[in-house]
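Subject: Structure handover and side-chain contacts

Dear colleague,

Please find below the structure that I am handing over to you. My notes on its aromatic, charge-over-ring and salt-bridge contacts follow.

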Amino acid sequence: MTKIKSTAIVVLLSMLVAGSGYSQVAKVSPEKAKMDKFINELMSKMTLDEKIGQLNLPSIGFDVTGPIVSTDVDKKIKSGFVGGVFNTFTPSAVKKLQDIAVNETRLKIPLIFGFDVIHGHKTIFPIPLGLSCTWDVNLVEQSARIAAQEASADGLSWTFSPMVDIARDPRWGRCAEGSGEDPYLGGKIAAAMVKGYQGSDLSKNNTIMACVKHFALYGAAESGRDYNTVDMSYVKMYNEYLPPYQAAVDAGAGSVMSSFNEINGMPATCNKWLMTDLLRRQWGFEGFVVTDYTAINEMIDHGIGKDLKDVSGMALNAGIDMDMVGEGFLLYTKELLKEGKVTIQTINEACTRILEAKYKLGLFDDPYRYISEERANTEILTAANRKVAREIAEQSIVLLKNDNQLLPLQAKGTIALIGPLADVKREMIGTWSAAGDNNKSESVKNGIKNLFGENVTLISAKGCNLLTDRTFLAEICGKESVDPRSDDEMIKEAVEAASKAEIIVAVLGEPAALSGEAASRSDIGLPGRQLDLLKALVATGKPVVLVLMNGRPLILDWESKNVPAILEAWHLGTEAGNAVASVLFGLRNPSGKLTMTFPRNVGQIPIYYNHKNTGRPYAGNDEKYKSRYLDVVNEPLYPFGYGLSYTTFKYSDLKLDKANMKSNETLTATVTLTNTGKYEGTETAQLYIRDCVGSITRPVKELKGYQKVSLKPGESKVITFSITSKDLAFYNDKLEFKAEAGKFILFVGGDSANNLESSFELAQ
Ligand code: BGC
């Protein structure tokens, strides 16, 4: 039997096993029994058309990410042809539609209101990739909690977040929306986001339902091009890409969104193995599944069905409950039922799941629960929310380089503040800040002024436009962003400004719209003439601090060799300018750690720390027939987990409590962490493990734990990590999750590349 065939059989078997578990009768809680009774009674009154109507999710209002299909939505709501609406918010706009649903329809079923609340609603937090660099699940949860409070005050009950797609390719613009490349950290953050949005009681008026997306594997699009094909082995899927989705489901996420890509040759949106066998049967997911934007319709272009009717039937049968925008369910479900291509049971199940979500949100008790002008006026963009946003933004900043302790800056003298991102508000809030008002955000220039007023003299110059294509720039950043002067002229002006200052702070990077959906780039260096500007500034001989704002890892080869200090500031949200100023001047010691590898050049991509060793690993001694490039080293510029501080940390004395561990035992690793520098600082100590020999090949190391520790200068702390056999387990080629006996290497350090190490054996 070939390997492929045997894997397929294994997957099939695992589906059957899981399937048998599904049919077991679970004990029903009194709350569940009450909900079931309510929904059953309601369903018994519903016509087939009304049931199908619940499966329809049109977009009304705001921004769209694809074709507009739905017309006459008000009329459709009245006829009972709409289950929910997205892209409508504010209490008055939501009330208008909810009024139709509860006053003018036969059964008065309330609508659910969704929106892309991705990194804050109106108080905008750092883009998710930046947020993940805090490695702090409490902060992550807090940001989602505030987002839910604000969104629910604005009429919303459902967010299309968290996006938990593992991303190893920085060309993919949507890596900005996720938590980077690691399944372990990604899982922790996914669970924290779900908890933050949903709280402990979904029916409260300040909690909203999460929607985990994009299920599944969307981040593995070939060549980083958005919506592109994904092709992946099951072991890679289970071990490296699926854990964050499962963590979000385990945390109780109420809904899941299907992804645009295919999996094993089948678009996710019609993939029954994915949506039913894995998600519902193996993982026990009890919520509902919505498609991504027109994902059903797009299956025709995928070449998987002949027309909209065909693909709609496939999606429904696969386990999709709600059709976002495409209206295939609305148009064809009745016909499909008549022709025996879908069953009434399938329709009932989908409708039930959607009604259950509304029930859990408390919408049947009070359809206006999330509509309150008073809350909208008092709970959105408050000073308290902004304070948290600033704290989180400060902790998201990653210090990439700091030669001769150039940073922190002294609050004195003259600073040349240069660059097309130094004095703008608009780009600060980043991609997918849909309800965010960029006028409410702080620029870096303002941030410095807020801290020091006139005590620091700033000489400002734009230096160049963000991009050289002015038409495109006007389109994505607004006409006001385009300076009519030539870039050469602006570079000259910037150099003159710099010559009058003691130090140069250059704020450069990507406009917000160069990352996010449909924003893949093949050249991921600083766009436009910004590198020329930077070179001209460095050539003045004055010390240069580079502050980067971007939605993805950039190629920083020249910058890393020639600029003495580099701060990675992402798009930090409403409080961006204040946060950058705090870190520049040392009011906050940076502590962020990268969650995505920074490559040296585009040719190294995809690049990630938890790769396999290969049969010909390169040891660095110029051997020919080894796995290497002839023109660049294998190592990245900045590895996963990397990030400096204004102080320095030393790891010492790594000890394991045993050299041999039985499978029911806990191994304890201790390490001493010392602050060896001059500033108080926070370090994220990271634990990685390598499984040296496995029944399938194993990564060179995998993150298995971390701790964020604050230390005063000279202070030491002993950090303890506990390891159980679950931490050593993985999915083998039969897709069984098991730890295998043998040797393991354990690494502890401040990033994925520089570690102390020790080893132990796991007994049979
Ligand atoms: C995106 C989703 C988003 C949806 C609704 C799609 O194009 O892929 O992430 O939630 O639009 O706005």
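Tyr238 is buried, its relative accessible area being 5%. Please note that the model is a predicted one. Trp273 is likewise classed as buried, with a relative accessible area of 9%.

Aromatic pairs

The structure contains 27 aromatic pairs. One of them joins Tyr238 and Trp273, with a centre-to-centre distance of 6.4 Å and an angle of 45 degrees between the planes, a tilted arrangement. The distance of 6.4 Å qualifies because ring centres have to lie within 6.5 Å to pair.

Tyr731 and Phe737 also form a pair, and their ring centres are 4.9 Å apart. The planes of Tyr731 and Phe737 meet at 45 degrees, so this pair is tilted. As for accessibility, Tyr731 counts as buried at 18%, whereas Phe737 is partly exposed at 41%. Tyr731 is placed in the buried class because its 18% falls under the 20% limit for that class.

Ring pairs also build a cluster, whose members are Trp135, Tyr184, Tyr609, Phe640, Tyr688 and Tyr706.

Charges over rings

Two contacts of this kind may be of use to you. Arg698 places its charged end over the ring of Phe730, at 3.9 Å from the ring centre. Lys701 is positioned over the face of Phe747, and the distance to the ring centre is 4.4 Å.

Salt bridges

Side chains of opposite charge can pair when their charged atoms come close. The model has 47 salt bridges. Three of them are described here in turn.

Lys122 and Asp154 are joined by a salt bridge with an N to O distance of 3.5 Å. Lys122 is partly exposed, at a relative accessible area of 24%, but Asp154 is buried at 2%.

Which residue forms a salt bridge with Asp321? The partner is Arg280, and the closest N and O atoms of the two are 2.7 Å apart. Asp321 is located in the loop between helix 13 (308-318) and strand 10 (323-324), and Arg280 in helix 11, so the bridge ties together parts that are 41 residues apart in sequence. Both ends are buried: Asp321 has a relative accessibility of 0%, and Arg280 has a relative accessible area of 3%. Asp321 and Arg280 are also members of a network of salt bridges that includes Glu349 and Arg353.

Lys561 and Asp557 form a salt bridge at 3.0 Å, N to O. Both residues lie in helix 22 (residues 557-562), where four residues, about one turn of the helix, separate them. Lys561 is exposed at 58% relative accessibility, and Asp557 is partly exposed with a relative accessible area of 30%.

Yours sincerely

Definitions and conventions:
Residues numbered from 1 in each chain as written. Predicted model: local features only at pLDDT ≥ 70, side-chain atom pairs only at ≥ 80, totals over all residues. Heavy atoms only, no water. Phe/Tyr/Trp six-rings, centres within 6.5 Å; stacked < 30°, edge-to-face > 60°. Buried < 20%, exposed > 50% of the residue type's maximum accessible area, 1.4 Å probe, protein only. Lys NZ or Arg CZ within 6 Å of the ring centre and 35° of its normal. Salt bridge = Lys/Arg side-chain N within 4 Å of Asp/Glu carboxyl O. Helix = DSSP H or I, 4+ residues; strand = E, 2+ residues; numbered from the N terminus.
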